[in-house]
Amino acid sequence: MPSDLTPMSSVDRAWLRMDTPQNPMMICGVWTLEKPISMKRLRNTLEKRFLCFDRFRQRVVDNGDRAYWQFDPLFDLDNHLHQIALPGKADKAELQKLVSDMNSTSLNFRQPLWQMHYIDNYQGGAALLIRIHHCIADGISLVRVMLSLTDKTPEPKLSRVALKHRSKPRQRSAIQTLLHRAVDNVQVATDQARLFIQSVREEPNYPLKLASTAGDVAFDLVKLGLAPFEPKTGLKEPLSGRKQVAWADPLDLAEVKACAKALGGTINDALLCTVTGALQRHFAAHKEAIPDCGIRVAVPFNLRPLDQPIETLGNQFGLVLVTLPVEVMDPLMCFQQVQENMNRLKRSYQAQVTYSLLDLFGRGPDILERRALDLLSNKASAVLTNVPGPKEALYLAGSKVTQPMFWVPQSGTIGIGMSILSYAGTVQFGITVDKAIHADPNAVMDYFRESFDALRHAALAGRQDALTREAS
């Protein structure tokens, strides 16, 4: 193996091979900015805070059996950062159309797999469109990377970046790479053995608990494999590869918290219930029968330690299948059902199982991954991501980020991606829909707001009834 090649992890390789013309494996994001920014200042920010991560200077080398990272000898920031402008008095619809076009276009695999477009002339300010391939990192990592580009004030503090870019990448010989890998493997094995012995000493019943856990994992694996396919609805259609994106006006995070508290649940429960209500309204608008077994969405579940350094990219998450009870029309009963479904999943090992399957697929032949991917994607109607963002407003190159939004890629036969992101006291909600699916993304955004208002009204009414009963 040439000394300038770094092996790609099997999980990252699994995401690399999921890329298809119908579903490019890109995480796509848009930041709207309060005012235009200097391209020189933006370039400087990217050079200091973005390109310090080696992955964004490396291209993928895929020889069929293995995939590797290699520093692009012809790397030029101009190949990845572009400046464009919207026509006339561009509004939200114009920006959404542009983002839809870019979200339907694959990245150039001869170069590092990312691109940014600085978009002038948007509502008196500007926007930044970001596309990054999923094989580089998962959503949690990329959100942290993108946030590292920002400041808490309009004035930059580029000196605070901890990582330093290496003008010449440090290269290892094949022998050095082999020795480092062997040392790492021995260290992992040693740590696992030490933890096992320590656990046995401290907990006499540890072997029994270990056996029980293994049984639970096996049970979740079997249950995942035997789960029925999704019911036939208009949300499951042969895909065209053309995407339509939309985003809603943000919700007030304090209102979402108050609603969840009144119902005795979490913010996540309230938001999943809101998504369920939005899909109910979609089915009603299309006069489509609602499945009496609900529908499932694939939700990424973070397996990354929260204290892991930001420079550690890659994919470290599993997927869980969450049932949305679209057949339950009463908002309060729907919330209770969502809460029960989530509590059940929190006690399962489904995320660890799917992560292990991705690791296995990434090591095996391409046809094995394709068949397994088709099998799993037939068991969900959409992908739904919920990522916590910063609590305070941030600034990019001196301009306030007014609304950040992103869309997750879909895989296999799934044609809908929904994203939830908290930011500066708000909740952002966005969707991407394949054009072959008969769903108006902007209408779904309106349904999302209507659904939350209905849930909040029911929660407050229920709380008032409870207080009245207590007083009497």
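## Basis of the model

Residues are numbered from 1 along each chain as its sequence is written, and side-chain values use heavy atoms, with hydrogens and water left out. Because the model is predicted, local features need pLDDT of at least 70 and side-chain atom pairs count only at pLDDT 80 or more, while totals for chains, interfaces and linings use all residues.

The predictor's confidence in each residue is called pLDDT and runs from 0 to 100. Its mean over the protein chain is 81, and 74% of the residues reach 70 or more. Over residues 159-224 the pLDDT is below 50, and this stretch has 48 contacts in the model beyond near neighbours in sequence. A contact means heavy atoms within 4.5 Å.

## Overall make-up

The protein chain contains 12 helices and 16 strands. Helices (H or I, at least four residues) and strands (E, at least two) are DSSP runs, numbered from the N terminus. Among the contacts in the chain with a separation of 6 or more, 79% are between residues 24 or more positions apart.

Of the 472 residues, 48% are buried. Buried means under 20% relative accessible area, exposed means over 50%, and partly exposed is in between (1.4 Å probe, protein chains only). The chain exposes about 22,800 Å², of which carbon and sulfur atoms supply 56%. Accessible areas come from the Shrake-Rupley method with a 1.4 Å probe, and for residues only the protein chains shown count as cover.

## Nonpolar cores

In soluble globular proteins, nonpolar side chains tend to be buried together. A nonpolar core is a set of buried Ala, Val, Leu, Ile, Met, Phe, Trp, Tyr and Cys residues joined through side-chain atoms within 4.5 Å. The largest one here has 49 residues, and Val-275, Val-297, Val-322, Leu-324, Ile-416, Met-418 and Ile-431 touch the most other members. Apart from this core lies another, of 43 residues, which includes Leu-33, Leu-51, Met-146 and Leu-396.

Which residues does Met-418 touch, not counting residues up to four places away in sequence? Among them are Val-275, Val-297, Ala-382, Val-408, Phe-429 and Ile-431.

Strand E15 (residues 416-423) is mostly covered, with 8 of its 8 residues buried. Ile-416, Met-418, Ile-420 and Ser-422 point one way from E15, while Gly-417, Ser-419, Leu-421 and Tyr-423 point the other way. Two strands pair if DSSP finds at least two bridges between them. Strand E12 (residues 382-387) runs parallel to E15 and is joined to it by 5 bridges; Val-383 stands opposite Gly-417. Strand E16 (residues 426-434) runs antiparallel to E15, with 8 bridges, and here Leu-421 stands opposite Gln-428.

The hairpin of E15 and E16 has 2 residues between the strands. Ala-424 is in this loop and has a positive phi of about 50° although it is not a glycine. Most residues other than glycine have a negative phi. Ala-424 counts as partly exposed, at 28% relative accessibility. Lys-287 also has a positive phi of about 50°; Lys-287 lies in the loop between helix H8 (267-285) and strand E10 (295-302) and is exposed, at 76% relative accessibility.

## Aromatic pairs

The whole structure holds 6 aromatic pairs. Rings of Phe, Tyr and Trp (its six-membered ring) pair if their centres lie within 6.5 Å; planes under 30 degrees apart count as stacked, over 60 as edge-to-face and the rest as tilted. Phe-50 and Phe-56 form a stacked pair, 3.9 Å centre to centre with 20° between the planes. Phe-50 is buried, with a relative accessible area of 0%, and Phe-56 is buried with a value of 0%.

Phe-429 and Phe-448 are stacked because their ring centres are 3.9 Å apart and their planes are at 15°. Phe-429 lies in strand E16 and Phe-448 in helix H12 (residues 441-471), so the pair ties together parts that are 19 residues apart in sequence. Phe-50, Phe-53, Phe-56 and Trp-114 form one aromatic cluster.

## Helix H1 and His-134

Helix H1 (residues 10-17) is mostly covered: 8 of its 8 residues are buried, including Trp-15. His-134 touches Trp-15, and also Met-25, Ile-27, Asn-315, Phe-317 and Pro-409, not counting residues up to four places away in sequence.

His-134 sits in the loop between strand E7 (125-133) and helix H4 (139-147). Is His-134 buried or exposed? His-134 is buried, with a relative accessible area of 6%. His-134 and Met-26 are 108 residues apart in sequence but 5.5 Å apart in space, C-alpha to C-alpha.
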